[in-house]
Amino acid sequence: MMFWKFLFCVRCLHVVSLAVINGSPETCPADISSGCGDDWEGEFFSGIPKIKYEGPSSKNPLAFKWYNAQEEILGKKMKDWMRFSVAFWHTFRGTGGDPFGAPTKMWPWEDGTNSVAMAKRRMRANFEFIDKLGVDLWCFHDRDIAPDGKTLEESNANLDEVVALAKELQGGKIHPLWGTAQLFMHPRYMHGAATSSELGVYAYGAAQVKKAMEVTHYLGGENYVFWGGREGYQTLLNTDMERELNHMARFFEAAVAYKKKIGFKGTLLIEPKPQEPTKHQYDWDAATAANFLRKYGLEGEFKLNIECNHATLSGHSCYHELETARINGLLGNIDANTGDPQIGWDTDQFLTDIAEATMVMLSVVRNGGIAPGGFNFDAKLRRESTDVEDLFIAHISGMDTLARGLRNVAKLIEDGSLAELVSKRYQSFDTELGALVEAGKADFELLEKKAMEWGEPKVPSAKQELAEMIFQSAL
């Protein structure tokens, strides 16, 4: 045993001496045995440079082809249209495991524990990744960045220790796009948190949100998200749905009050999802969530975080959900991912479909941008993708796809044909009577008189195929 310890020490000294001789930074490349402690300050992603824009002709997988952060498109820099964010849970806690198989990857810096020391190591890797990718924002769940303790007090202490390091590593440039509390994984939340039938769970969930909101505020977060993963039901036979919805509203009201008490200026966001893990979640889609907010008088306090894959599960396109949120004044943030049309569950894939990305960006441009929201990559590597560089390639591909979508929107606006087609379709309302209808001043008597005067109306073609042709020409 002493002999192997001696060899290990010699190996560590050799690595350090080579770094000094070559004038390069120390790295923490392949495994935990390299001697990197939890306070390691060298490179986790050795050999991967800062990602730069090289243009559409580039064949370099570690370079942007379409996303040029400082380039102005439609009056804003691309980085300001996008506001890209790295999701800590998928990027640094993703294991490749699924309901049918064990994890397929463990990153080189992992030691197999969920300790505070390991959490700090992950946090250092997170900020190196963010820096090399060239973004300023990140997102987190409380229990993803710091381990759950045996008591609430211990959990809070763990979180405080990791958050203190995150604050230091952020510097003056990086901060969270949003934070949230993980109220769905622990067995205590099997019936939900805000909608649990147990008052003790409701109180515990409130305490966890209180703390998560505090640390989000401390880290300079711009938003706070509520994803009701367990806020729903499996069967109505044992569920008092009205009471649960009332409880959830009271929970959100308390969150609003605490946000104001601590001086948090960020936007509160609800993330709709129809099902999985519950049979029916109460925030099924954008329209359902908007109705909930109106019913309880919360529409001025919350906006929506629209996830494209959740839109698919609700039977809608991402474009539909974004437009529904936008026209209701509720579009706050986008979780940039997609699902597989042949798989009926939440696969959280990186968005790489140019047409879908173009429609997403149509909504964003019509909204005038989404700040203080942004595009969070709530997406994970495929189970079969196990190389560290795959983390960069996936994010680069997602960023380039949305950037290409923005460029396509600029083409559509410059061309004007699609907007003209839509405007022409509704031109009958650009009349004196049409104006009265849209102003709510045309009663049934007036409309009946006009119907009798005009006779059977002529209904023109909607020109769907032409609209699709124009759209496709911009891709």
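Analyst: **Strand 6 and its surroundings**

Let's begin with strand 5 (residues 84–87) and strand 6, which pair in the parallel sense over 3 bridges. Strands here are DSSP runs of type E with at least two residues, helices are runs of H or I with at least four residues, and both are numbered from the N terminus. Two strands count as paired if DSSP finds at least two bridges between them.

A word on the ground rules: this is a predicted model, in which local features need pLDDT of at least 70 and side-chain atom pairs count only at pLDDT 80 or more, while totals for chains, interfaces and linings use all residues. Residues are numbered from 1 along each chain as its sequence is written, and side-chain values use heavy atoms, with hydrogens and water left out.

Eight strands close into a barrel in the order 5-6-7-8-10-12-13-14, with parallel pairing. From one strand to the next, the twist averages 30 degrees; angles run from 0 to 180 degrees between N-to-C directions, along axes that are lines fitted to C-alpha atoms, for helices over the stretch in contact.

How covered is strand 6? Of its 5 residues, 5 are buried, where buried means under 20% relative accessible area, exposed means over 50%, and partly exposed lies in between (1.4 Å probe, protein chains only). In a regular strand the side chains alternate between the two faces of the sheet. In strand 6, L137, C139 and H141 point one way, W138 and F140 point the other way, and all are buried.

What lies across this region? Helix 7 (residues 199–218) lies across strand 6, strand 7, strand 8 (223–226) and strand 10, running at about 155 degrees to strand 8. Helix 7 has a helical partner too: its axis and that of helix 8 (residues 241–262) come within 11 Å and cross at roughly 30 degrees. On the helix 7 side, the contact (heavy atoms within 4.5 Å) includes Y202, G205, A206 and V209, while helix 8 contributes residues including H247, R250 and F251. The residues of this contact divide into 8 nonpolar, 3 polar and 4 charged; Ala, Val, Leu, Ile, Met, Phe, Trp, Tyr, Cys and Pro count as nonpolar, Asp, Glu, Lys and Arg as charged, and the others, Gly among them, as polar.

Now for a look at helix 4 (residues 116–133). Side chains of opposite charge can pair when their charged atoms come close. The structure holds 20 salt bridges, each a side-chain nitrogen of Lys or Arg within 4 Å of a carboxyl oxygen of Asp or Glu. One of them joins E43 and K132, whose closest N and O atoms are 2.5 Å apart. E43 sits in the loop between helix 1 (2–22) and strand 1 (52–53), K132 sits in helix 4, and the two are 89 residues apart. Both E43 and K132 are buried, and together with E128 they are linked in a network of salt bridges.

R122 meets E110 in another salt bridge, at 2.8 Å from N to O. R122 belongs to helix 4, whereas E110 is in the loop between helix 3 (88–93) and helix 4, 12 residues apart. R122 counts as buried because its relative accessible area is 3%, and E110 is buried because its value is 12%.

K132 also leads us to F392, which is in contact with F45, I48, I51, L62, F129, K132 and L133, leaving aside neighbours within four places in sequence. F392 is placed in helix 13 (residues 389–415) and counts as buried because its relative accessible area is 0%. Although F392 and L62 are 330 residues apart in sequence, their C-alpha atoms are 7.0 Å apart in space.
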